[in-house]
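Student: I have a model open and would like to work through it slowly. Could you help me to read its strands, its helices and its charged pairs?

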Amino acid sequence: MPTVVEVLKKTEAFLAAKGVPQPRREAELLLGHAMGLERVQVYLQFDKPLGEDELARIRPMVARRARREPLHWILGSVGFHEHDHMLVQEGVLVPRPDTETLVEQALARIPAGDGPPVYVADIGCGTGAVGLSIAAARPRVRLYAVDLSPAALANTKANVAALGLEGRVGVLQGDLLAPIPAGRPIDMVVSNPPYIATAVLDGLEPEVRDHEPRLALDGGADGLDVYRRLIPAAAARARSDVLVEIGHDQGEAVAALFRAAGLHEVAVTPDLGRRDRVVSGRVAG
């Protein structure tokens, strides 16, 4: 039987030949997942022979990754904000670390501790990572998680259950804020909408171009189609704040849409890589 280190080296070489970035790291993650181990634990078992059952688990995962399926679809989860294992299902956009900037900016506007409920709408919720991270960190938050995609809604519901947030989250299907009844309060709107220009999509890495859902990526000719609809609707419904993720070169254009919708204290916040990432604004009191 081959040992862990032998399979690891073979997997690394195979993934590298398929153009997978960071093939060593990904081989370790896939092998660890097949063995039920964290990545660091794999190092402690380099000389362990792998049985046929373990090899049978890893082979299809490696084959999927070689086809450039997103790694976290295969692993079934991703680390996001304070959560090591945010569930990610096939067919749903994988949350990116840059999006944690949106969560942090929202949390900065919601007081910690006890207090009256704060109603947050997460529009285009995907896995639910943004809104659920906000709700988990602020017990006073009541969340509306909205998406058009049935796969995204199923993924969000799975994360609601995994995080024990069933009593504070409503998962709704529909376009933008329309599924939230007109009489329901909304204090804050947050969104990571599709913002990639259509012409750019075909030049992206295969994981995005060939696998992740276009509905969550394609922002139209200039990437701003959804913002033009969302921002006026959000400004009309929110009682306090509107925050959206943006592409690195969209800060000025999206900030102008915020001002045109009557929002105040409009700001553009960079991510940890110092690229513009979030536009925020306050509703006039």
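Tutor: Keep in mind throughout that this is a predicted model. We can begin with a pair of strands.

Student: How many bridges join strand β8 to strand β9?

Tutor: Strand β8 covers residues 264–270 and strand β9 covers residues 276–282, and the two run antiparallel. Along them, V268 has V279 as its bridge partner, while T269 stands opposite V278. The number of bridges that join β8 to β9 is five.

Student: Which residue in the turn between β8 and β9 has a positive phi?

Tutor: The two strands form a hairpin, and five residues lie between them. Within that turn, the residue whose phi is positive, at about 65 degrees, is R274.

Student: Which strands stand at the edges of the sheet?

Tutor: The sheet is open and has seven strands with mixed pairing, in the order β5-β4-β3-β6-β7-β9-β8. Each edge strand has a single partner strand, so one of its sides is left without a neighbour in the sheet. From one strand to the next, the twist averages 15 degrees. The strands at the edges are β5 (169–173) and β8.

Student: Which helix lies across β7, β8 and β9?

Tutor: Two helices need to be told apart here. Helix α11, residues 225–237, lies across β3 (118–123), β6 (188–191) and β7 (241–245), and runs at about 160 degrees to β7. The helix that lies across β7, β8 and β9, running at about 10 degrees to β9 and covering residues 251–260, is α12.

Student: At what angle do helices α6 and α7 pack?

Tutor: Two packed helices are described by the angle between their axes and the distance between the axes. Helix α6 holds residues 100–107 and helix α7 holds residues 129–137, and α6 passes α7 in a right-handed crossing,. Their axes are 9 Å apart, and the angle is about 40 degrees.

Student: How many residues of the contact of α6 with α7 are nonpolar?

Tutor: From α6, the residues L102, V103, A106 and L107 meet V130, S133, I134 and A137 of α7. When the residues of this contact are divided by kind, one is polar and no residue is charged, and the number of nonpolar ones is seven.

Student: Which residues do salt bridges that share partners join into one network with R277?

Tutor: The side chain of R277 also meets that of D271 in a salt bridge, at 2.9 Å, N to O. D271 is buried, with a relative accessible area of 5%. Through shared partners, the salt bridges join R277 into one network with D98, E245, D271 and R275.

Conventions: Residues are numbered from 1 along each chain as its sequence is written. This is a predicted model: local features need pLDDT of at least 70, side-chain atom pairs count only at pLDDT 80 or more; totals for chains, interfaces and linings use all residues. Side-chain values use heavy atoms; hydrogens and water are left out. Two strands pair if DSSP finds at least two bridges between them. Helices (H or I, at least four residues) and strands (E, at least two) are DSSP runs, numbered from the N terminus. Axes are lines fitted to C-alpha atoms, for helices over the stretch in contact, and angles run from 0 to 180 degrees between N-to-C directions. A crossing is left-handed if the near helix is turned anticlockwise from the far one by less than a right angle, and right-handed if clockwise. Contact means heavy atoms within 4.5 Å. Ala, Val, Leu, Ile, Met, Phe, Trp, Tyr, Cys and Pro count as nonpolar, Asp, Glu, Lys and Arg as charged, and the others, Gly among them, as polar. A salt bridge is a side-chain nitrogen of Lys or Arg within 4 Å of a carboxyl oxygen of Asp or Glu. Buried means under 20% relative accessible area, exposed over 50%, partly exposed in between (1.4 Å probe, protein chains only).
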